[in-house]
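Hi everyone, thanks for coming. Let me put the chain up on the screen, and then we can walk through a few spots together.

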Amino acid sequence: MLNLNETQKQVVTLIYDTVVAALSKSEIKALMKTYQNIHATTLLTPDNTVTTTTDEGNDDSAASPSGSLKEESVATAIDARARQQIDKFAAWSFSTSGLTMDDDVLPLLHAAIPESSHATIARVLKLMSSSMGMCILSMGKRTTSFLTMTPKQRQQVILAWRKSTTMHMLYRVFTTTATFLCYGQMCDHPTDAASLMHTIGVQQDASTAAHHHAPSPITKMPLPPPPPRAQPLRTVSLEQVDDWVSKNHKFDAIIVGSGVAAGPCVWELARAGKSVLVIEKGSYNHAPVVGDRNTYEQLYYGGSYFSSRRGFITMSCASTLGGGSTISFGACVKTPPSVLQEWHQRTSKAFDVHAFEKDMDMLYEKMGATTDFSHTDANLRLIYGCTKQQKTVKQLPHVQPQYDAQHGYSGINMTMWFEEAQQYGAEFLCDTTVEEVFIRHDHAQGVVCTLTNGMQVTLQSRVVIMASGALHTPDLLRKSGLSNKHIGKHLKVHPTIHVSGYFPNPLDGPAPKPARASDTTDKTAKNEILPLTTSYHLLSDDEYGCRIESYPLGIGQLSSLMTWNGALHHKQTMLGYRHGCTLSIRCRDMNSHASVQTSPEPGVPPSYEFQLSPRDHDMLLSGIIEGLNILTAAGARHLHCPQVTVEPFVFKKYEDSNVLNPRYQAWLQRVLEAGITPADGIYSMHQSSTCRMGYSVKQSAVQLTGETWEIKNLFLIDSSVLPTCVGVNPMLTIQTMSYGVTQKILQRLNFKFRP
């Protein structure tokens with residue numbers, strides 16, 4: 001835990017209260033003006049006729065499919081109820097949010113700040129608490145302690161960090177964590193949640209309230225009727241584990257981790273009559289999870305996102321039964337043929353592309369992937385922006401997440417694999433940490449694990465299968481004594497950055513549509529749209545590049561991505577929440593340096609190194625420009641780039657949203673010149689390739705069968721074995737790889753086994 005004394009905690013509290021601050025009287029008037037402008041706009045109806053509304057909107061113009069812009073603002077008197085809501089939102093701050101320093105702030109800061117920087121942060125906070133310290137930090141510009149400054153002076157200090165080469169990481173850490181915590185816990189606000197959420201524009205109905213993602217019109221996706229589910233999945237009790245240990249029970253297979261890769265594996269082994277135990281370090285959350293903050297605490301590793309050692313990238317991964325499939329939005333994307341051919345060449349043509357594609361087609365059909373769903377409004381903006389720039393649009397298939405009002409959200413693993421596997425006899429043990437693989441005579445014979453009651457036991461099996469993910473599998477292999485030099489190396493992270501645009505129309509209202517239906521199916525154009533629900537693929541000559549996707553975000557996530565330009569500006573921006581569209585720019589990293597580092601100390605989690613290469617930096621930067629152009633072409637009037645040193649761009653009322661606008665072009669040039677720094681927020685949700693498979697021990701960590709080179713009967717089936725990153729949502733790729741390796745495992749189990 002980040003160790004701070006009471007004075008340092010007081011400084012952090014004041015920083016948070018400056019970022020999410022109670023506004024002054026003059027600022028409240030400005031906020032009222034913003035609210036009035038948002039709720040008095042000209043909207044486009046579904047048939048693209050113009051209508052004036054005083055309900056929801058913005059203060060600028062709406063884009064029609066023909067590209068023309070029409071404006072007709074009307075003055076709207078703010079009624080007493082709306083004034084009361086605005087007053088509450090203006091007075092809302094960190095201190096009134098119900099959050100506490102020890103239970104909420106410090107755990108998040110501990111995860112968000114690289115451990116190597118904890119001491120530095122503590123020293124800075126100590127300096128800020130004294131006049132002399134502030135003088136040193138500001139190089140003589142400030143001579144007053146942060147504790148005794150006025151709110152305006154504190155805001156000026158934090159804004160000055162934004163453009164400081166030595167302090168911009170401090171700016172990033174405190175502004176993102178403050179906004180994420182405060183907005184992400186709105187659902188749990190003791191008294192004013194409904195009022196605050198209504199003011200911002202979050203519409204919470206019964207179905208979205210129960211869904212584990214934060215309620216938001218831009219995350220809403222049509223769900224099918226809930227499937228009949230008699231009972232939640234049954235998990236193993238501690239008494240049952242004691243019985244296995246006392247009887248020296250031996251499973252055919254133990255699967256370590258329950259992520260995406262575990263699903264097809266446990267299903268295939270169980271239906272083949274093999275005894276299988278799945279061990280998951282996280283909990284089984286079968287009840288609904290609401291709100292960004294609760295989602296991270298209950299479903300993600302460490303209860304939060306976490307940083308690489310030097311803070312160059314922020315990562316997240318699941319830690320719950322079902323792993324990444326539980327937090328996935330259900331994209332079911334086939335592995336691009338160019339990637340499979342690359343794997344074929346990297347393995348000296350030993351990787352069987354035909355067999356992989358055959359397995360992938362089978363799984364695709366079994367999961368019922370479909371393109372027969374309605375686009376969200378955010379996706380329609382992306383489609384429209386691309387078609388305006390003559391970029392081809394394609395839909396990509398999804399597996400719709402299944403939701404049961406009684407038993408909560410279920411990902412692909414639950415509904416597709418685990419429930420049926422349990423009917424064949426598979427067992428699931430949660431809240432249990434595997435410490436190491438039990439190895440005798442160079443053969444894996446089980447695992448040593450710590451149960452939820454703290455007791456350490458050894459569970460035996462004929463084979464051990466690693467499905468812990470690319471960040472944790474190499475760490476466990478190292479702690480089990482494996483020494484292959486490729487274990488933990490070659491980490492691929494799909495580095496991701498975000499841009500946002502605000503539109504005249506709310507995103508759950510009428511949206512522009514493509515000019516012609518044929519635009520969504522034309523395959524002759526140079527560039528294609530490959531959606532998460534929709535996305536634009538910015539190709540490079542080497543088949544790497546970026547995918548620009550309409551990314552569903554909860555209100556806590558969105559607030560933390562908005563560059564903070566002062567308390568008033570941020571609250572004004574959040575008032576336009578319903579009008580905002582955020583695009584993720586995800587790069588297929590080619591030669592960035594990243595790895596997993598294992599600590600020699602027992603019980604210490606792994607750490608991660610990441611350094612963005614010049615080539616991947618330039619590719620991401622190109623994606624930022626492309627994403628901003630797509631939003632502008634779609635009619636966005638207010639653009640946010642990720643660079644903390646570049647302020648947002650706003651089109652003037654008399655200007656069209658046009659990518660050729662000279663002021664806009666000059667702003668894009670500033671974005672290019674700013675480049676991308678760690679303070680700008682590089683994220684990773686997909687990690688792979690830390691134990692890549694190959695044809696030679698000199699080139700890889702595991703064989704093409706998924707078995708390790710060093711230890712027999714120890715197999716890897718997760719994303720760590722992928723020879724390179726995929727460049728698309730990797731769920732289907734991982735499950736296909738898992739299914740193929742499982743066939744090799746079955747051959748081993750069915751063969752006359754060496755005792």
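Let's start at Tyr-301, which counts as buried because its relative accessibility is 18%, and the cut-off for buried is under 20%. Please keep in mind as we go that this is a predicted model. Tyr-301 has a ring partner, Phe-306, and the centres of the two rings are 5.5 Å apart. Their planes meet at 85°, so this pair is edge-to-face. Phe-306 is buried too, with a relative accessible area of 8%.

Now compare another pair, Phe-351 and Phe-356. Here the centres are 5.6 Å apart and the angle between the planes is 50°, which makes the pair tilted. Both of these phenylalanines are buried. How many aromatic pairs does the structure hold? The count is 17. There is also a cluster, in which ring pairs link Phe-649, Phe-651, Tyr-664 and Trp-667.

Let me step back to the whole chain for a moment. It has 755 residues, and 62% of them are buried. The secondary structure comprises 24 helices and 24 strands. If you take the contacts with a separation of 6 or more, 74% of them are between residues 24 or more positions apart.

How about confidence? The average pLDDT over the chain is 82, and 80% of the residues score at least 70.

Next, please find helix H3, residues 80-91. Which residues of H3 are buried? They are Ala-82, Gln-85, Ile-86, Phe-89 and Ala-90. Looking down the axis of H3, these buried residues fall within an arc of 135°, so they line one face of the helix. The general rule behind this is that an α-helix has 3.6 residues a turn, so residues three or four places apart point the same way. On the other side of H3, Ala-80 and Arg-81 are exposed.

From there, jump to helix H22, residues 614-633, where you will find Asp-616. Is Asp-616 buried or exposed? Asp-616 is buried, because its relative accessible area is 0%. Its side chain makes a polar contact of 2.7 Å with the side chain of Arg-615. Beyond its neighbours within four places in sequence, Asp-616 is in contact with a run of residues: Cys-587, Arg-588, Asp-589, Met-590, Asn-591 and Ser-592.

As a reminder, most residues other than glycine have a negative phi. Gln-390, however, has a positive phi, near 60°. Gln-390 sits in the loop between helix H17 (377-388) and strand E9 (402-404). His-494 is also positive, with a phi of about 50°, and lies in the loop between helix H19 (473-479) and strand E15 (496-502).

Terms used:
Residues are numbered from 1 along each chain as its sequence is written. Side-chain values use heavy atoms; hydrogens and water are left out. Helices (H or I, at least four residues) and strands (E, at least two) are DSSP runs, numbered from the N terminus. Buried means under 20% relative accessible area, exposed over 50%, partly exposed in between (1.4 Å probe, protein chains only). A polar contact is a pair of N or O atoms within 3.5 Å; within protein, one must be able to donate a hydrogen and the other to accept it, and residues adjacent in sequence count only if both atoms are side-chain atoms. Contact means heavy atoms within 4.5 Å. The arc is that of the directions from the helix axis to the C-beta atoms. pLDDT is the predictor's confidence in each residue, from 0 to 100. Rings of Phe, Tyr and Trp (its six-membered ring) pair if their centres lie within 6.5 Å; planes under 30 degrees apart count as stacked, over 60 as edge-to-face and the rest as tilted.
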